[in-house]
Amino acid sequence: MRPWRHYTLLVVFAACVVGVCVRVVYLGVSDRDFLQGQGDARSIRKETIPAMRGVILDRQGEPLAVSTPVFAVWTDPSRAQLGVAEVERLASVIELEPEALRDRLTAAADREFVYLKRRAPWATAQRLKAAKFNHVYLQPEYRRYYPAGETTAHVVGVTNIDDEGIEGSEYAFNRQLQGRHGGKVVLKDLKGSTIRDLDYVTAPVYGQDLSLSIDLRLQFLAYRELKSAVASHGATSGSLVMVDADSGQILALVNQPSYNPNNIPEQSRGMRNRAITDAYEPGSTIKPFTALAALESGRYRSDTLIDTAPGYFRVGQKLIQDPVNRQNISLAESLAKSSQVAFAKVALDLEEMAVFDVLRRAGIGDFVGIGLPGETTGFMTDSQLQYPVVQASLAYGYGLSVTPLQLAQAYLSLASYGEKIPLSIMASAPDETLRERVFDERIVQEVLSMMEGVTAPDGTAPGAAVPGYRVAGKTGTARLVGPEGYTDERHVAWFAGLVPVEQPRLVMVVLINEPNAGLSGGGAVAAPVFGRVAQRSLRLLGVLPEVQIADVEHVESVPVALEGRG
Amino acid sequence: MRFVWPLCLALLAVLILTSGLGQVEQAHEVRALYSEMGQLQREQDALLEEHSRLLLERGALSSMQKVEVVAQGELDMLFPNRVRQIQP
């Protein structure tokens, strides 16, 4: 009996020893990777080191969007188990309502990650670090500030909570601005605090700065004038585009309504960059191009007389009329007084494609392509030009639609005396080789001198005149299409122009949508905005006056002896 | 021949000791550099924060709004209503 029990016990013990050995080998050799992985998964964490977003600057180097380091506060509610007193203490440190914090924690009680606060400023983070809460972590991130606020909102755009551009330049040039996140590997203890950094995997690559062609001073001026015009005329919206006539760079691009990019929730109405996304019928602002087409035909000069009597003119079913019978007027006068009849007659007298072709060369109907999101091309087609009604209405700006940006592009080709210069939103010098001559210089010169009549005291837009400078421009008033066709009470008021005529520096397009306070036309509503903005912009840019102002004082220059020098 | 083996062993022992000490030294250095990097990163963050704050402050002070308020409110400046052109 005895040996049997003895041996059994021995065998059992031996089996145990062998079993343990096998298990050890098994765990240590074949399961090693799995177990090591599980261990690491509980203590080793990969953390991203966020890259700072580049600064967006204006052409003078003024900041338009700046990132500043802040912190996201997060916790693991399944482990943190904060008591009532601790929740209250935490709430006071991170400046939240204790109830709100408690609700957030209970709602996420079974989760392992919940943000308690985003974009906590530097000082808060330091206080939180000092307070030492278990399982409450700080994660560096960046918050974006827009010092110019609503003034530059549409051009600059905004980023979302994760620091990615979602609108404007922030979106369009996100890749350049964003940089690349870095990463590091850290070892954490049971309480979740970092014991040490194990590996610095990649350093973050900070985003590059972006310089826009916008001039913040002009942008501010334009924004303020547009805002007050939209408010005082009870208009629904408005846009203004100002372009440097030498380079094609956009100096100001503003819209109303706008929004505060520093605080975006609950507002979304003002976020559309209307100057590039919304196309309207340009109305009479197209007439300078019709005049240009007439001059190109060689059969018209600025003093060619056009018989507009009896003040109306029937084309097919459509009655085109002027407010008064102007009898025989020259082409220049037709432009200054904006006669529909004269331009309809001129257009029908020209080749079928003549006006369309001129508009095409000026860039109407083409994508401008400055790179901002949402840009549209408007609408222009030659498919129905064989109908006289269509041909005539094109001549005074109906039957096509353009965005303020496109109209600025078209007027830029006049300001450059016939060269098409691509518009650009970047401060870097534009590519000179992309310039293209589209109109004859002398013809454009003649058109410009005709357009000067518009801002003369007896023209349609004396409000756009700037004392000391010659302004060439054109008003436009286009009726809006309602459910029953064109409406009489809803319309858009345009003014497009350039200044000074001799050596143009600025091209500007103003659009006021649905003004309703008494005055309505482009001359009364949009032109004064042009005049005021142009006057102050020219002064800021230091452009010398080209014409002498009426009361000039002649002062003998007296040599001044400089004393106390040397 | 009698001394060859002990010599080899002694040499190996010395080498092992040196490499061990070297490793300790290296680990220490890595840690020191790491903490220095952490320190520098915090410093960089603080400087970046200050830089962006100053940038914003400069922007606010040099903005057209501010200049106009100061010019009109504090310095009693006006836009000229009557333009006089002076010819030398």
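1. Strands β18(A) (residues 485–499) and β19(A) run antiparallel and are paired over eight bridges; pairing here requires at least two DSSP bridges between the strands. Strands are DSSP runs of E of at least two residues, and helices runs of H or I of at least four, both numbered from the N terminus. The two strands make a hairpin, with six residues between them, and V499(A) faces L506(A) of β19(A).

2. A word on the model: it is predicted, with local features needing pLDDT of at least 70 and side-chain atom pairs pLDDT 80 or more, while totals for chains, interfaces and linings use all residues. Residues are numbered from 1 along each chain as its sequence is written, and chains are lettered from A in the order in which they are written.

3. Have a look at β9(A) (residues 237–244) too: this strand is antiparallel to β19(A), joined to it by eight bridges. Here G238(A) has I512(A) as its bridge partner.

4. How many residues of β19(A) (506–513) are buried? Eight of eight, where buried means 20 or more other C-beta atoms within 10 Å of the residue's own, with C-beta atoms placed from the backbone. L506(A), M508(A), V510(A) and I512(A) cover one side, and V507(A), V509(A), L511(A) and N513(A) the other, all of them buried.

5. For the whole of chain A, there are 20 helices and 20 strands, and 45% of the 566 residues count as buried. The C-alpha trace spans about 140 × 80 × 50 Å along its principal axes.

Methods: A residue is buried if 20 or more other C-beta atoms lie within 10 Å of its own, exposed if 12 or fewer, and partly exposed in between; C-beta atoms are placed from the backbone.
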